[in-house]
Amino acid sequence: MSAQPPDPQQRLPERTHGVRQGLRLGRVFGVEIALDWSLLIVVALITLALAGGLLPDWHPDWGPGLVLLTALVAAVLFVASILLHELAHAVVGRRLGVRISRITLFVFGGMAHMEGEPEHWRAELWMALAGPVASLLLGLLCLSAAGWIAGPIVLDPEHPAEGLSRLGPLATILVWLGPINIILGLFNLVPGFPLDGGRVLRALLWGLTGDLNRSTLLAASVGQAFGWTLMALGLAMILGARVPLFGSGLVGGLWLALIGWFLANAARQSYQFRLIEDRLGALTVQRVMHRDYRVAAPDATVQTLVDEGFLTHSQHAYPVVDGEQLRGMVSLGDIRRLPRDQWPLQPVAAVMTPLERLHGVAPSAPATRALAVLGEQGVNQLPVVEAGRLLGLVTREDVLKWMFLGTGSRLES
């Protein structure tokens, strides 16, 4: 164990901290693409729904293997459709000056992570419209491609399965994927924040009133009302009622209720975070980070870190520093994965989360950015790093303390 490192003056290219969640696919148009593991739930549910009902109804002559493979490909392409939707947001947003560093796909869809709000209502408007427009165009393109591959598709309203049974696997996927993307585009145009339609509503209100906070409150209120409506409809479906467009049943009702809960909760949190951003203003991480922390040496034993660190101090995680260079972070969770009899034998470096798997935050980055990353990654602290050198740690408590106590203080001035 050692005392804190020197406190150099800094400027830093931004990294993020916290262990990366899910699978990082790489970068597209300069935007990092990540898949959250919860997305596997969506792939599994779509695959089972198609393989267990829709595809056998459309193609009773197909074998189980072909049905399962077609269902799996359709589910993966649906995920790719969501990615294209989010990429449309990111590309248009970046062209309009909105910093979007990452897209995460998860169980309820996708999210383009913005580093701060758009500076003008027009940027918000066009960026919000880009996703639904992309989904609608993709849906029409899929249907056109299906018609080009299979020829004119004529369906008898009373016996639609007869016409669909003549389609091959690719045309079948396209016929299913087209309407799904059109529905996705239309659903996102519902004027409830944080759906795309809610962002469109907020942009228009912002343009009319010039008040971003009030516009966010109104759009978020509509979003919460829409979420509560979906929860009520989901509960009705669970209880046996048949809801137009959604049907009835336990699974469908539960899924609709979960989507409603997510939207209502996201609307509330989005407004709260907007108030936090407004309160913190241009405050940077450099002003809110703390320097009263202890570090661990990479060659110290895990037992030494437990005895002289975790059992002695209230610090929840320790930066692992070699000289002035940050090598990683070690938490209680990292130590628990090592058998206790190995604690006196293994160095801290053997259990730490290495630097390349961490997110770090720049001292010049907005404090709101640190708060957002803390929430996204589900961690308690972020290292503040410059060229590999640890400058400090920042926690939620640090940011919120400044939000409530920093305004007008001598420290702020």
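At what angle do the axes of helix α2 (residues 64–95) and helix α5 (residues 169–188) cross? In this predicted model, local features require a pLDDT of at least 70 and side-chain atom pairs a pLDDT of 80 or more, whereas totals for chains, interfaces and linings use all residues. Residues are numbered from 1 along each chain as its sequence is written, and side-chain values use heavy atoms, with hydrogens and water left out.

The axes of α2 and α5 cross at roughly 35° and come within 10 Å. Axes here are lines fitted to C-alpha atoms, for helices over the stretch in contact, and angles run from 0 to 180 degrees between N-to-C directions. The crossing of α2 and α5 is right-handed; a crossing has this hand if the near helix is turned clockwise from the far one by less than a right angle, and is left-handed if anticlockwise. Residues of α2 including Leu 66, Val 73, Leu 77, Phe 78 and Ile 82 meet a set in α5 that includes Ile 173, Trp 176, Leu 177, Ile 180 and Leu 184, where contact means heavy atoms within 4.5 Å. By class, the residues of this contact comprise 12 nonpolar, 5 polar and no charged. Ala, Val, Leu, Ile, Met, Phe, Trp, Tyr, Cys and Pro count as nonpolar, Asp, Glu, Lys and Arg as charged, and the others, Gly among them, as polar.

The α7 and α8 crossing is left-handed, and the residues of the contact divide into 21 nonpolar, 9 polar and 3 charged.

The protein contains 13 helices and 9 strands, these being DSSP runs numbered from the N terminus (helices H or I, at least four residues; strands E, at least two). Of its 413 residues, 46% are buried, that is, under 20% relative accessible area, with exposed being over 50% and partly exposed in between (1.4 Å probe, protein chains only). Among contacts with a separation of 6 or more, 68% involve residues 24 or more positions apart.

Four strands build an open sheet with mixed pairing in the order β1-β2-β3-β4; two strands pair if DSSP finds at least two bridges between them. Strands β1 (23–28) and β4 (109–114) stand at the edges with a single partner strand each, so one side of each lacks a neighbour in the sheet. From one strand to the next, the twist averages 20°. Strand β1 runs antiparallel to β2 (residues 31–35), to which 5 bridges join it, and Arg 27 stands opposite Glu 32 in β2.

Strand β8 (residues 381–386) is largely enclosed by the rest of the structure, because 6 of its 6 residues are buried. Both of its faces are covered, with Gln 381, Pro 383 and Val 385 on one side and Leu 382, Val 384 and Glu 386 on the other. Strand β8 pairs with β9 (residues 389–395) in the antiparallel sense over 6 bridges, and Leu 390 in β9 is the bridge partner of Val 385. The two strands, β8 and β9, form a hairpin with 2 residues between them, and Ala 387 in the turn has a positive phi of about 50°.

Val 133 lies in helix α3 (residues 121–150) and counts as partly exposed at 39% relative accessibility. The C-alpha atoms of Val 133 and Gly 185 are separated by 6.7 Å, although these residues are 52 apart along the chain.
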